[in-house]
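Colleague: I am new to this structure and would like to go through it with you. Please show it to me before we start.

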Amino acid sequence: MFSLAILFQIFVFLYFEITTLVNLFPWNDLAKYTKRQKWIEGISNGIILLVCIGLFATKTSWGMGISLLFWVFFFIMQLLTWWMPYLTGKHLKQFPKNLYDSHFSRTVKLLPPIKNHIIPDAQHNVLQLLSLITIIFSIAAFIG
């Protein structure tokens with residue numbers, strides 16, 4: 001289980017970095033981001049993800065535990081950012097509807113609309129699925 005946990009953590013890192021830095025329109029839409037914004041997000045989040053992978057790779061209970069807490073936090077933030085507005089229409093202050101309209105409205109969607117709520121795009125659905133699988137394998141490795 002440990003190998004699968006590490007493998008999926010690496011998948012999340014690579015997927016995140018590629019979709020942050022490479023315009024794959026209509027999968028993602030980076031047209032409104034400056035090169036600097038993309039690199040800041042890619043580097044800052046990439047470092048955090050790599051530290052978590054490194055902590056998990058130590059195979060120590062404290063390192064794996066800290067890493068696992070981060071992965072759970074990362075997943076919860078994705079749910080609050082995308083699914084709360086989709087299901088309730090309420091947005092986090094950091095992710096207002098006008099940001100969605102300008103940066104994500106033209107991306108691929110798999111889910112049906114609910115009223116005038118934002119719709120989580122397929123790029124983030126995949127990131128959320130990979131994150132959930134990462135958490136499941138990481139918990140199994142941690143307790144196993």
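Modeller: The expected span of a helix is 1.5 Å times one less than its number of residues. Helices (H or I, at least four residues) and strands (E, at least two) are DSSP runs, numbered from the N terminus. This is a predicted model, in which local features need pLDDT of at least 70 and side-chain atom pairs count only at pLDDT 80 or more, while totals for chains, interfaces and linings use all residues. Residues are numbered from 1 along each chain as its sequence is written, and side-chain values use heavy atoms, with hydrogens and water left out.

Colleague: How far apart are the end C-alpha atoms of α2?

Modeller: Helix α2 has 23 residues, so at 1.5 Å a residue it should span 33 Å. The distance in the model agrees with this: the end C-alpha atoms are apart by 32 Å.

Colleague: Which helices do the buried residues of α2 pack against?

Modeller: Buried means under 20% relative accessible area, exposed over 50%, and partly exposed in between (1.4 Å probe, protein chains only). In α2 the buried residues include Gly42, Gly46, Leu49 and Phe56. Contact means heavy atoms within 4.5 Å. The helices that the buried residues of α2 pack against are α1, α3 and α5.

Colleague: How many aromatic pairs does the structure hold?

Modeller: Rings of Phe, Tyr and Trp (its six-membered ring) pair if their centres lie within 6.5 Å; planes under 30 degrees apart count as stacked, over 60 as edge-to-face and the rest as tilted. The number of aromatic pairs that the structure holds is 13.

Colleague: What angle lies between the planes of phenylalanine 8 and phenylalanine 11?

Modeller: These two residues are three apart in helix α1 (residues 2–21), so about one helical turn separates them. Phenylalanine 8 is buried at 14% relative accessible area, whereas phenylalanine 11 is partly exposed at 36%. Phenylalanine 8 and phenylalanine 11 form an edge-to-face pair, 5.3 Å centre to centre, and the angle between the planes is 80°.

Colleague: How many residues apart are phenylalanine 16 and phenylalanine 74?

Modeller: Phenylalanine 16 is buried at 8% relative accessibility, and phenylalanine 74 is buried at 14%. Phenylalanine 16 and phenylalanine 74 form an edge-to-face pair, 6.5 Å centre to centre with 70° between the planes. The pair links distant parts of the chain, phenylalanine 16 in helix α1 and phenylalanine 74 in helix α3 (residues 61–88), and the separation is 58 residues.

Colleague: Which backbone oxygen does the side chain of threonine 81 reach?

Modeller: Threonine 81 lies in helix α3 and is buried, with a relative accessible area of 17%. Leaving aside neighbours within four places in sequence, threonine 81 is in contact with Leu92, Phe95 and Ile118. At 2.7 Å, the side chain of threonine 81 reaches the backbone oxygen of methionine 77.

Note on methods: Polar contact = N/O pair within 3.5 Å; in protein donor to acceptor, adjacent residues only side chain to side chain.
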